[in-house]
Amino acid sequence: NTLTFGACSITMSARFAYNTSFGTRSLYGNKFAWYSLLIVSILQVAITYTPGLNTEIFGMGPMKAEQWGITALFSFIVFLVMEIEKGIRRFLMARGADVGDSEYGFFDEEPMPNQDISLPKGASHLNLTTLNN
C-alpha cells in the first residue's frame, strides 16, 4: 500500500514539471488524475480487505489505523520530496542552470554519429540526381 500511494503522490506532483502542486491550480487542473487516484484507492482498499484476495493471492492481511497513518505519512513525504526537488530546479533555472537536461553533463556521453555507411544489398554508391525538364 505504501508503494502504491507513494506512486500516486509522484503522479499528483509530476503533473507540473516546475510549478508547485500546492495550490488551487492542482485541484482543478487534470480531472483524470483525480479519477485515477480515486480508482487506485478503491482498488487498493478492496485488495487489502477482501478475504481470500488479500491473504491467498497477495499474501497480506488487513491494515490497522496506525498502518494507514504510516502509509499516509510516507505518501506525503514522497510528495514533499518531489515538491522540494521542483523548488530546487526553479531556483537553479532562475540562475541560468540547465535543469531540463538539454546539455550534456558530467555523466553523459555525447552520441557519436553512425560511421557505418554500408548500403543495403543491391543499393548503389552512385550520386543520382533528379532531372529537370
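Predicted model: local features only at pLDDT ≥ 70, side-chain atom pairs only at ≥ 80, totals over all residues.
Entry 1: Which residues of α3 are buried? I found A33, Q44 and T48. Seen down the axis of the helix, these buried residues fall within an arc of 35°, so they line one face of α3. I then looked up what they pack against, and noted α1 (2-13), α4 (53-57) and α5 (65-94). On the face turned away from this buried side, I noted the exposed residues F32 and I42.

**Entry 2: F32 and Y35.** I checked the accessibility of F32, and since exposed means over 50% relative accessible area, F32 at 55% counts as exposed. Y35, with a relative accessible area of 43%, is partly exposed. Both residues lie in helix α3, three residues apart, which is about one turn of the helix.

**Entry 3: aromatic pairs.** How many aromatic pairs does a search of the whole structure find? The search gives three. In one of them, the rings of F32 and Y35 have their centres 5.8 Å apart and their planes at 80°, and because planes over 60 degrees apart count as edge-to-face, I recorded this pair as edge-to-face. I also noted that F5, Y49 and W68 form one aromatic cluster.

Terms used:
Residues numbered from 1 in each chain as written. Heavy atoms only, no water. Buried < 20%, exposed > 50% of the residue type's maximum accessible area, 1.4 Å probe, protein only. Helix = DSSP H or I, 4+ residues; strand = E, 2+ residues; numbered from the N terminus. Arc of directions from axis to C-beta. Contact = heavy atoms within 4.5 Å. Phe/Tyr/Trp six-rings, centres within 6.5 Å; stacked < 30°, edge-to-face > 60°.
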